[in-house]
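Please consult the sequence and the model while reading them.

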Amino acid sequence: MLFHVVRNGSLVGALLLAAGCSSGGGPAQPEGEGGSGATVGSGGSAAQTSGAGGAGGAGGASCAEFAMPTDVECAAPLDGVLPVDLRCTGLYGNFDQRELACGVLEYKPAVELWSDGAEKRRFVSIPKGQQVDTSNPDAFIYPEGTQFWKEFSVTGAGGAQRLAETRLLRKTAAGWVYTSYVWSEDEKQAIQMQNDFGVTDLYGTGHTVPNRDQCKECHVGRADYVLGWDALMLGAGAQGISADTLVELGVIADASHLALTIPGNEVERQALGYLHANCGVSCHNDLPEAAAHDTGLYLRLEAGELGEVMATDAARTAINKRPAENAKYEGLTNPDPANWYDIRPGDPSRSLLVARQVLRGFEGQMPRIGTHKVDETGVEVVSRWIQEMKETYPPPGP
């Protein structure tokens with residue numbers, strides 16, 4: 001099954017090492033179902049829909065009808081359900097021109113996950129005539145056939161931006177399947193492979209393509225797997241599409257209950273939004289499957305807790321709270337647990353949350369995977385919030 005990826009000589013060396021959340025795009029949820037029995041031949045029906053009422057890209061950009069390519073192999077690997085070539089997934093109607101397929105919408109959430117400064121573009125396709133269930137603004141449920149793509153561009157040789165990978169999530173009858181398509185050095189092709197190893201330094205750019213287990217570790221922290229969509233991420237500051245746009249397109253029935261705002265002043269809103277996107281939606285929340293559920297430190301913003309800052313999980317579970325017994329201290333200047341609070345009001349230097357933001361190369365770094373560089377802006381935002389905790393906050397612990 002590997003013969004069809006050896007058309008570009010420059011492609012082979014790097015891609016034989018690259019998995020990028022692949023394993024052939026096997027099922028994510030429920031585990032163990034799907035496989036070759038659920039193979040979507042020739043790219044799958046989801047790739048052939050004209051979701052969102054046939055709308056084109058963001059801002060009314062032109063689109064091209066998707067037609068399954070005939071000049072490339074579009075079958076899935078024997079142990080997977082997603083096609084090997086990105087061209088077969090339905091993202092682009094005109095692949096060479098990078099023209100989106102009709103029904104694919106580009107968007108940018110109001111708050112974003114740090115990815116070492118990579119430039120990202122995000123796309124979604126909802127099957128035509130289907131709707132996203134947003135009755136729970138904290139946990140959207142997506143119809144079968146929904147597809148999300150996220151494209152990463154990173155700094156390459158000479159400082160120029162180059163395509164690195166495009167990740168894909170597709171919802172099937174067996175659950176979510178996912179993979180990452182790694183772009184060739186000439187940026188003319190993007191291929192997913194069958195191994196699970198990921199790539200730690202893609203083409204010498206420092207960019208990490210996560211392995212399959214790392215993808216699952218983050219995404220199981222959402223009830224229906226998708227991290228970048230919720231009422232807040234589609235609210236104020238979102239670009240391309242918003243909750244109101246989705247109502248106009250018929251993707252959601254009503255947006256009145258999604259008009260949520262982060263509480264507090266500008267500093268508080270920035271910090272809470274940052275923690276929500278980078279920590280809360282994936283790991284630090286009360287969903288039992290979430291990777292950091294057992295820490296008791298919850299940083300996701302919940303719709304019912306936005307009346308004031310002190311009502312949010314970030315404030316209630318972090319301020320003046322001692323870290324859980326399973327907290328990691330390796331690599332810190334002061335590894336003594338007695339020195340630390342998750343957040344100590346007015347004192348970022350004794351707030352473990354900040355210390356782990358600036359930590360790299362150790363298990364306790366945050367975000368824990370997919371990053372080798374410190375997000376200086378994120379550190380500044382959270383540190384400033386903690387530094388300015390005064391009159392309306394509890395006094396700092398001893």
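This is a predicted model: local features need pLDDT of at least 70, side-chain atom pairs count only at pLDDT 80 or more; totals for chains, interfaces and linings use all residues.

Q: Which helix gives the most residues to the lining of the second largest pocket?
A: The second largest pocket has a volume of about 630 Å³, and 26 residues line it. Two elements give two or more residues to this lining, namely helix H7 (376–387) and helix H4 (266–280). With 7 residues, the largest contribution is that of H4.

Q: What covers the buried residues of H7?
A: H7 has 12 residues and reaches 16 Å from its first C-alpha to its last, close to the 16 Å expected. Its buried residues, with under 20% relative accessible area, are Gly378, Val379, Val381, Val382, Ser383, Trp385 and Ile386. What covers them includes helix H6 (352–357) and H4.

Q: Which strands are the edge strands of the open sheet of 6 strands?
A: The order in this sheet is E3-E4-E5-E6-E7-E8, with antiparallel pairing. An edge strand pairs on one side only, and this applies to strand E3 (105–107) and strand E8 (190–191).

Q: Over how many bridges do strand E6 and strand E7 pair?
A: Thr172 has Gly175 in E7 as its bridge partner. Strand E6 (residues 161–172) and strand E7 (residues 175–183) pair in the antiparallel sense, and the number of bridges is 8.

Conventions. Residues are numbered from 1 along each chain as its sequence is written. Side-chain values use heavy atoms; hydrogens and water are left out. On a 1 Å grid over the protein atoms alone, a cavity is a set of points where a 1.4 Å probe fits but cannot get out, and a pocket is an open set with protein on both sides within 12 Å along at least five of seven lines; lining residues have an atom within 4 Å of a point. Grid points are joined across faces, edges and corners, and a volume is the space filled by probe spheres set on the points. Helices (H or I, at least four residues) and strands (E, at least two) are DSSP runs, numbered from the N terminus. The expected span of a helix is 1.5 Å times one less than its number of residues. Buried means under 20% relative accessible area, exposed over 50%, partly exposed in between (1.4 Å probe, protein chains only). Contact means heavy atoms within 4.5 Å. Two strands pair if DSSP finds at least two bridges between them.
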